[in-house]
Amino acid sequence: MTRVMNFSAGPAALPLQALERARDELLDFDGSGMSVMEQSHRGKAYEAVHNEAKALLAELTGLSSDYEILFLQGGASMQFAQLPMNMLNAGQSADYVVNGVWGEKAIGEAKVVASMYGAKTRVAGTTAEGEGKAVTYRRVPLEGELSLDEAAAYVHVTSNETIHGVQFAVAPDAPFPSFGGAPLVCDMSSDFLWRKVDLSGFAFVYAGAQKNIGPSGLCVCIARKDFIAKGRKDIPKIFRYDVAAENNSLFNTPPTFSIYLMRNVLLWAKEQGGLDTLEKSNRAKANTLYGVIDELASFYSCPVDRASRSVMNVVFRMPTEALEDAFVAEAKKAGMSGLKGHRSVGGIRVSTYNAVSLASVETLAGFMREFAKRRA
Ligand code: PMP
């Protein structure tokens, strides 16, 4: 069996160890004579996995008991709607900081909910450049560019814009910026657990699992208890954060296999040495790629401002689209997949999530040098 070097943006590479464990336990989980997928979600065997996954998340992130961890479904996109459904009330307004397509989508869904509720959404800052289909994002906003409403129901930000490769707080030791006094909500889908972030500054964090932590469909939420306690009670129970919290995310049948696989990934993360070790590896991978781009600047160009260059999704262009197509095709032949940029922006995107090894990135960097030499 040959495993490819997978640089996909999500679903993305998972640690081999986590997959091998799932393979080994697939038919007989923990001596039960059935797979984890076939167990009752209320049985002891599954419950132990569920609670271990929560405990590992709390341990890796250093989470305080002020927070509840929720396992929800519908991916991160569900949260674009579920958040305002829970946390917006008539007459209130929610702020959105937009630094990419995912931020645009988040406010788009919130607007729909707000109009049903007699509430409002506001763009508190955007770094969109250009018009219509040519809109692009090259950086995160500076503090002075934001007009924050201190009375907002919440302020929503996207910590890493997966498509444009634009990330907040990438400098070593940079704290996550503050966004005024309203409760801070963050879509961390594509950079959750890339390093240790002080989560005590956030009211609510959500992350679709399919980048750094597991299979798609599952969404991990970190909810400050006093924030979600104030959520609306006049919506169906299945959407209520407080109901999910009271039921340990077992209000209905959760995606048990996805949570199990995430547990395996979190165990792997812990065995690597936790988030400080993963941060070192992630920085080394990003530095390697940006190093080649900067060294061969007449051939490769990164459209993102240096201070906002994502550590998770490295995007770059070449002189022509034909060269980019050839790059993707030749890399594929050499065992490297998932390099094509998002269909809306083109170019090349290298996603270097936690499970992508430095060795794979070094192989890619070598290929980039060799390709430029041959085709420049
Ligand atoms: N937010 C961000 C930052 C993302 O990268 C993505 C997926 N690429 C989403 C939200 C949507 O996630 P899902 O497909 O799980 O709904």
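Visitor: Where is Pro11 placed?

Guide: Pro11 belongs to the loop that lies between strand S1 (5–6) and helix H1 (16–25). The model is a predicted one.

Visitor: What makes the peptide bond from Gly10 to Pro11 cis?

Guide: Its omega is near -5°, and the bond is accordingly described as cis. Most peptide bonds are trans.

Visitor: What is the phi of Leu193, and where is Leu193 found?

Guide: Leu193 has a positive phi, about 65°, although it is not a glycine. Most residues other than glycine have a negative phi. Leu193 sits in the loop between S10 and strand S11 (204–208).

Visitor: In what order do the strands of the open sheet run?

Guide: The order of the 7 strands is S2-S12-S11-S10-S7-S3-S4, and their pairing is mixed.

Visitor: Why are strand S2 and strand S4 said to stand at the edges?

Guide: Strand S2 (67–72) and strand S4 (120–126) each have a single partner strand, so one side of each has no neighbour in the sheet. From one strand to the next, the twist averages 20°.

Visitor: How do you know that strand S7 and strand S10 pair?

Guide: Pairing requires at least two bridges. Strand S7 (residues 155–158) and strand S10 (residues 184–187) are joined by 4 bridges, so they meet that requirement. The two strands run parallel. One of the bridges has Thr158 and Asp187 as partners.

Visitor: What makes helix H2 a helix that packs on the sheet?

Guide: Helix H2 (residues 44–61) touches S2 and strand S12 (219–224). The direction of helix H2 makes about 130° with that of S2.

Visitor: Which residues come nearest to the ligand?

Guide: Of the 13 residues around the ligand, the nearest are Ser77, Thr162, Asp187, Gln210 and Lys211.

Visitor: Which helix gives the most to the shell around the ligand?

Guide: Helix H3 (residues 75–87) does, with 4 residues. By class, the shell has 3 nonpolar, 8 polar and 2 charged residues.

Conventions:
Residues are numbered from 1 along each chain as its sequence is written. This is a predicted model: local features need pLDDT of at least 70, side-chain atom pairs count only at pLDDT 80 or more; totals for chains, interfaces and linings use all residues. Side-chain values use heavy atoms; hydrogens and water are left out. Axes are lines fitted to C-alpha atoms, for helices over the stretch in contact, and angles run from 0 to 180 degrees between N-to-C directions. Contact means heavy atoms within 4.5 Å. A residue is near a molecule or strand if one of its heavy atoms lies within 4 Å of it. Ala, Val, Leu, Ile, Met, Phe, Trp, Tyr, Cys and Pro count as nonpolar, Asp, Glu, Lys and Arg as charged, and the others, Gly among them, as polar.
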